[in-house]
Amino acid sequence: MIETALTIVGLGISAATLAAILWSIARPTQRLWPPARYSSLTPILVWVPTFSLFGALLALGILAWGDLALPQWLRYGVGIPLIVIGNVVVWSAVAGFGIHKTGGATGGLQTSGLYRFSRNPQYVADIGMILGWMMLSAAPLAFLVGVSAIIVLVAAPFSEEPWLRAHYGSDFDRYANRVRRFL
């Protein structure tokens with residue numbers, strides 16, 4: 001059954017990613033995320049699972065479209081705007097931040113643009129898109145995989161911030177003191 005396979009893929013990617021994040025939090029000197037060294041393989045290891053997870057989530061929503069009894073105003077009135085706004089924010093942040101830095105490459109500390117309001121605008125936008133898709137599709141397995149993906153997105157900054165602190169020192173500390181982690 002395709003839904004079962006997609007659910008296993010989505011939950012598997014979420015579980016593996018969360019495990020890497022938790023490992024990185026517990027063992028920062030042996031961290032997996034952000035990578036200790038950025039290489040030509042890094043974007044593949046970052047983007048293939050990311051797009052596979054989003055693809056599984058999208059497919060699960062389409063396959064069980066509307067199976068949950070959610071009000072239309074919530075599905076269309078809240079779900080669609082969250083998806084649209086989330087996409088605008090995430091792709092604006094990627095354009096300003098750079099694909100390579102999104103995948104863990106070093107560079108300057110990003111504090112301008114959307115990063116003036118949130119230390120993690122891409123994660124906030126991804127969470128918004130996922131929530132929007134969960135509402136719009138009203139599909140039970142999309143909810144399950146969506147929640148697992150949101151857990152990963154909430155956990156990710158906790159493995160990234162020690163890395164940022166190590167690379168940017170007091171600049172990151174000052175930034176973190178004035179800008180919230182999420183909103």
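**Salt bridges and a helix pair**

There are 4 salt bridges in the structure, a salt bridge being a side-chain nitrogen of Lys or Arg within 4 Å of a carboxyl oxygen of Asp or Glu. Keep in mind that this is a predicted model, where local features need pLDDT of at least 70, side-chain atom pairs count only at pLDDT 80 or more, and totals for chains, interfaces and linings use all residues. Residues are numbered from 1 along each chain as its sequence is written, and side-chain values use heavy atoms, with hydrogens and water left out.

Start at R119, whose side chain meets that of E161 in a salt bridge, 2.8 Å from N to O. R119 sits in the loop between α4 (99-102) and α5, while E161 is in helix α6, so the pair ties together parts that are 42 residues apart in sequence. (Helices are DSSP runs of H or I, at least four residues, numbered from the N terminus.) E161 also forms a salt bridge with R181, with the closest N and O atoms 2.8 Å apart.

Now look at helix α5 (residues 121-137) and helix α6 (residues 140-178), which pack at an angle of about 170° with their axes 9 Å apart. Axes here are lines fitted to C-alpha atoms, for helices over the stretch in contact, and angles run from 0 to 180 degrees between N-to-C directions. α5 and α6 are therefore roughly antiparallel to each other, the label for angles over 145 degrees.

Technical notes:
Helix = DSSP H or I, 4+ residues; strand = E, 2+ residues; numbered from the N terminus. Parallel < 35°, antiparallel > 145°, perpendicular 65-115°, else oblique.
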